[in-house]
Amino acid sequence: FSGRATQRLQRGPLRHVRATCRIRVLALGGSGPAVGLSRMSVDAGISRCLDGGFTTKPHCWGLCLNSGNLFAEGRKTVHSGKSREDFLNKIVRMDLVRPPHAEGLLQFTLKGTDGSCCKLG
């Protein structure tokens, strides 16, 4: 896993959103490889952090592929029970669901080559 990608989900206030992103992890390198979301005002550039990468910044949410830790608003919230080796050669799926007039839900799922699935967090 190496690189950085951003995508704008919707202009203006989010009303109802359902978005999914899938990443196949072939290799992990660098410091703090992470997948997640941030507000557009956040500089989510490369972060020299072994645990969490850009997700350690305020207004960021995500999963660290180094440690398996989940982050919300820049703070570690829970450990997924997975480590760096568990992500290799697997697919990490990130789902964002935000129903109208409600808090959003960011969920991560790990899918193995054998078809097995595991929700993280």
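1. Two strands count as paired if DSSP finds at least two bridges between them. In this predicted model, four strands form an open sheet with antiparallel pairing, in the order β2-β3-β4-β5. At the edges are β2 and β5 (75-79), each of which pairs on one side only. From one strand to the next, the twist averages 15°.

2. Within that sheet, β3 (residues 60-64) and β4 (residues 69-72) run antiparallel and are joined by three bridges.

3. The largest nonpolar core has 13 residues. The residues with the most contacts inside this core are V25, V35, L63, L65, F87, V92 and F108. At least two core residues come from each of β1, β6 (90-98) and β7 (105-111). As background, nonpolar side chains tend to be buried together in soluble globular proteins.

4. F87 deserves a separate look. Leaving aside residues up to four places away in sequence, F87 touches V25, L63, C64, L65, G68, K82, V92, L110 and L120. Of the core residues named above, V25, L63, L65 and V92 are among those with the most contacts inside the core.

5. P33 lies in the loop between β1 (17-25) and β2 (34-38). Is P33 buried or exposed? P33 has a relative accessible area of 5%, and buried means under 20%, so P33 is buried. P33 and L65 are 32 residues apart in sequence, while their C-alpha atoms are 5.5 Å apart in space.

Key: Residues are numbered from 1 along each chain as its sequence is written. This is a predicted model: local features need pLDDT of at least 70, side-chain atom pairs count only at pLDDT 80 or more; totals for chains, interfaces and linings use all residues. Side-chain values use heavy atoms; hydrogens and water are left out. Buried means under 20% relative accessible area, exposed over 50%, partly exposed in between (1.4 Å probe, protein chains only). A nonpolar core is a set of buried Ala, Val, Leu, Ile, Met, Phe, Trp, Tyr and Cys residues joined through side-chain atoms within 4.5 Å. Contact means heavy atoms within 4.5 Å. Axes are lines fitted to C-alpha atoms, for helices over the stretch in contact, and angles run from 0 to 180 degrees between N-to-C directions.
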